[in-house]
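Open the model in your viewer and keep the selection tool at hand. Each stop below says what to pick and what is there.

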Amino acid sequence: MGGSVEPDLVSRDASGNLWLYQGKPDGTLEARIRVGVGWGGMTLVGRGDYTGDGKADLLARFSDGTLNIYAGTGSATVDAVVGTRYPAGAGWQSYKTLASAGDTDGDGRTDLIAADAAGALWLFKGTGNAAAPFAPRVQIGTSGWAAFDVLF
C-alpha cells in the first residue's frame, strides 16, 4: 500500500484509526504510519489492486451494505496512504462474509469472494476499472459456506 515491494500489514485500533506497517526484506516491519481516522464503522474486506493502477487499494464495507474502494497512493505518508474513495456498489450486506481473494482466475486482476447467508459461495472477478470494479458474480460453491465467519 505504501509502495514497498514487501508485503504490508494493516491494522485498526479500538479508536478507529487505521495503521500501515510496511514490510521489510528481513521479515520485520517498519514503524507504523497512520492511514487515517474514522475507520471504526466499517468491515475491512482486504487489499489488492482494484483500480488497475498497480498500487494496492483497500476494500471496505459499511454497515448499510455499501462497498467502497480506497485507492492506494503508493505513498507511505501519514494520512495519505489512501486517496480517492470509489463506490463499488450497494447491497453487499446480503453477503455474510467477503474475502479479498487475490487473482483467483489468473487474469492479473484482484478478485473478490463472497459467501451469502444461504451458504452459497460467489466469485466477483475484478475488472481493474474503479468505476465498475467487478464483473457479474459467478457461483463457485453451492452450500455450507455460511458456517464460516472468516474467509481469506
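The tour goes from sheets to hairpins, then to an aromatic cluster and a pocket.

**Before you start**

This is a predicted model, in which local features need pLDDT of at least 70 and side-chain atom pairs count only at pLDDT 80 or more, while totals for chains, interfaces and linings use all residues. Residues are numbered from 1 along each chain as its sequence is written, and side-chain values use heavy atoms, with hydrogens and water left out.

Strands here are DSSP runs (E, at least two residues), numbered from the N terminus. Two strands pair if DSSP finds at least two bridges between them.

**Stop 1**

Pick Trp 19: its bridge partner in S3 is Arg 34.

**Stop 1: the four-stranded sheet**

Move on to the open sheet S4-S5-S6-S7, again antiparallel. S4 and S7 (82–89) are the edge strands, and each pairs on one side only. Neighbouring strands of this sheet are turned by 25° against each other on average, direction ignored.

Select S5, residues 57–62. Buried means under 20% relative accessible area, exposed over 50%, and partly exposed in between (1.4 Å probe, protein chains only).

Check both flanks of S5. Six bridges tie S4 to S5, and Met 42 has Phe 62 as its bridge partner. Four bridges tie S5 to S6 (residues 67–72). There, Leu 59 stands opposite Ile 69, and Ala 60 is partnered with Asn 68.

Stay with S5 and S6. Their hairpin has four residues between the strands, and Gly 65 takes a positive phi near 95°.

Next, pick Asp 79 in the loop between S6 and S7. Most residues other than glycine have a negative phi. Asp 79 has a positive phi, near 60°. This residue is partly exposed, with a relative accessible area of 41%.

**Stop 3**

Select 121–124, which is S10.

S9 (residues 111–116) pairs with S10 in the antiparallel sense over four bridges. Ile 113 stands opposite Leu 123. The S9–S10 hairpin has four residues between the strands, and Gly 119 takes a positive phi near 100°.

Then turn to S11, residues 138–141, which three antiparallel bridges join to S10. Trp 122 has Gln 139 as its bridge partner.

**Stop 2: the aromatic cluster**

Show the side chains of Tyr 50, Trp 92, Tyr 95, Phe 124 and Phe 134; they form one aromatic cluster. Rings of Phe, Tyr and Trp (its six-membered ring) pair if their centres lie within 6.5 Å; planes under 30 degrees apart count as stacked, over 60 as edge-to-face and the rest as tilted.

The structure holds eight aromatic pairs. In one of them, the rings of Tyr 95 and Phe 124 have centres 5.7 Å apart and planes at 90°, so the pair is edge-to-face. This pair links distant parts of the chain: Tyr 95 is in S8, Phe 124 in S10, 29 residues apart. Both are buried. Phe 124 also pairs edge-to-face with Phe 134, at 6.4 Å centre to centre and 70° between the planes. Phe 134 sits in the loop between S10 and S11. Phe 134 is buried, with a relative accessible area of 14%.

**Stop 3: the largest pocket**

Finish at Leu 44, Val 45, Leu 98, Ala 99 and Leu 151, which of the 14 lining residues lie nearest the centre of the largest pocket. On a 1 Å grid over the protein atoms alone, a pocket is an open set of points where a 1.4 Å probe fits, with protein on both sides within 12 Å along at least five of seven lines; lining residues have an atom within 4 Å of a point.

S4 (42–48) and S8 (95–102) each supply at least two lining residues. S8 gives the largest share, five residues. The lining divides into seven nonpolar, four polar and three charged residues. Ala, Val, Leu, Ile, Met, Phe, Trp, Tyr, Cys and Pro count as nonpolar, Asp, Glu, Lys and Arg as charged, and the others, Gly among them, as polar.

Technical notes: Axes fitted to C-alpha atoms, helices over the stretch in contact; angles between N-to-C directions.
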